[in-house]
Amino acid sequence: MAKRIDVSGLTAYYGSHKAIDDISMTVEPRSVTAFIGPSGCGKSTFLRTLNRMHEVTPGGRVEGKVMLDDENLYAKDVDPVTVRRTVGMVFQRPNPFPTMSIYDNVAAGLRLNGSYRKSELAEVVERSLKGANLWNEVKDRLNKPGSGLSGGQQQRLCIARAIAVEPEVLLMDEPCSALDPISTLAIEDLISELKERFTIVIVTHNMQQAARVSDRTAFFNLAAVGQPGKLVEIDETERIFSNPSVQATEDYISGRFG
Ligand SMILES: Nc1ncnc2c1ncn2[C@@H]1O[C@H](COP(=O)(O)OP(=O)(O)OP(=O)(O)O)[C@@H](O)[C@H]1O
Ligand SMILES: [Mg+2]
């Protein structure tokens, strides 16, 4: 579990449009890496190349390599479905399966993976809901629909669903942008706990959030409108926010941008 990611020369296209160009970086296990940068610079696109979701978009194409420890996720014999199980994802808007109960939402991924005994399933559901700091709030209504929870609870439900299948990496694309400040802090606390077990990559527009939760920060930018997004620099979060190497990074984090 908690493997190291090593990306080299990653370029992604939508049809003929090159969205991100030649990105290389490593992500250490049991750490949180934040992706920051202006809208349209390719943060979400890059994130989705890390679990082979980019290619699900019509015209979506990738060049380059993503190593998860010693396995290239883009090698010919690799099954993208397995990759998506190993590298889980949490989206901007909480997206619980609306007609499913809280219990079934968490159990859904496990059921897809194979057969579990009822008691085993119940154990994993409880462990995952506890892991997502949601258990106490829902333990008496596990059979109620997941869509009946608050936004922050729904997002923690989605995190429970994602961690139930024991992924090695957890990708989060602006997981708090639809949440109130209290739910946001709850998710941030949760991220700090989860990094003891998982490798986490989070996209955020909230500079305070990046500074609070991440160990390392990657700044992405566009050279000009219509140009592909590039990785400008990646470094210790403390360093990015106090003394970045590149002027554009400083301009962005201090709000003097475009
Ligand atoms: N489904 C798509 N089809 C075609 N082009 C797309 C698609 N999704 C994104 N793009 C383009 O790819 C580029 C990168 O978009 P992306 O969504 O990755 O940026 P982002 O950094 O996540 O932006 P934001 O901060 O607004 O979420 C943009 O030029 C965008 O228009
Ligand atoms: Mg995005």
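The sections below take the basis of the values, then the loops, then the helix pair.

## Basis of the values

This is a predicted model, in which local features need pLDDT of at least 70 and side-chain atom pairs count only at pLDDT 80 or more, whereas totals for chains, interfaces and linings use all residues. Residues are numbered from 1 along each chain as its sequence is written, chains are lettered from A and ligands numbered from 1 in the order in which they are written, and side-chain values use heavy atoms, with hydrogens and water left out.

## Positive phi in two loops

Arginine 30, which is not a glycine, has a positive phi of about 55 degrees, and this residue is found in the loop between strand S2 (17-27) and strand S3 (32-36). Strands are DSSP runs of E with at least two residues, helices are runs of H or I with at least four, and both are numbered from the N terminus. With a relative accessible area of 45%, arginine 30 is partly exposed, a class lying between buried (under 20%) and exposed (over 50%), for a 1.4 Å probe and protein chains only.

Aspartate 69, likewise a residue other than glycine, has a positive phi near 50 degrees and lies in the loop between strand S4 (60-68) and strand S5 (71-72). Its relative accessibility is 40%, so aspartate 69 counts as partly exposed.

## Helices H6 and H7

The axes of helix H6 (residues 151-164) and helix H7 (residues 181-194) come within 9 Å and cross at roughly 20 degrees; H6 and H7 are therefore roughly parallel to each other (angles under 35 degrees).

In the contact (heavy atoms within 4.5 Å), Gly152, Gln155, Arg156, Ile159 and Ile163 of H6 meet Ser183, Ile187, Leu190 and Leu194 of H7.

Terms used. Axes are lines fitted to C-alpha atoms, for helices over the stretch in contact, and angles run from 0 to 180 degrees between N-to-C directions. Angles under 35 degrees count as roughly parallel, over 145 as roughly antiparallel, 65 to 115 as roughly perpendicular and the rest as oblique.
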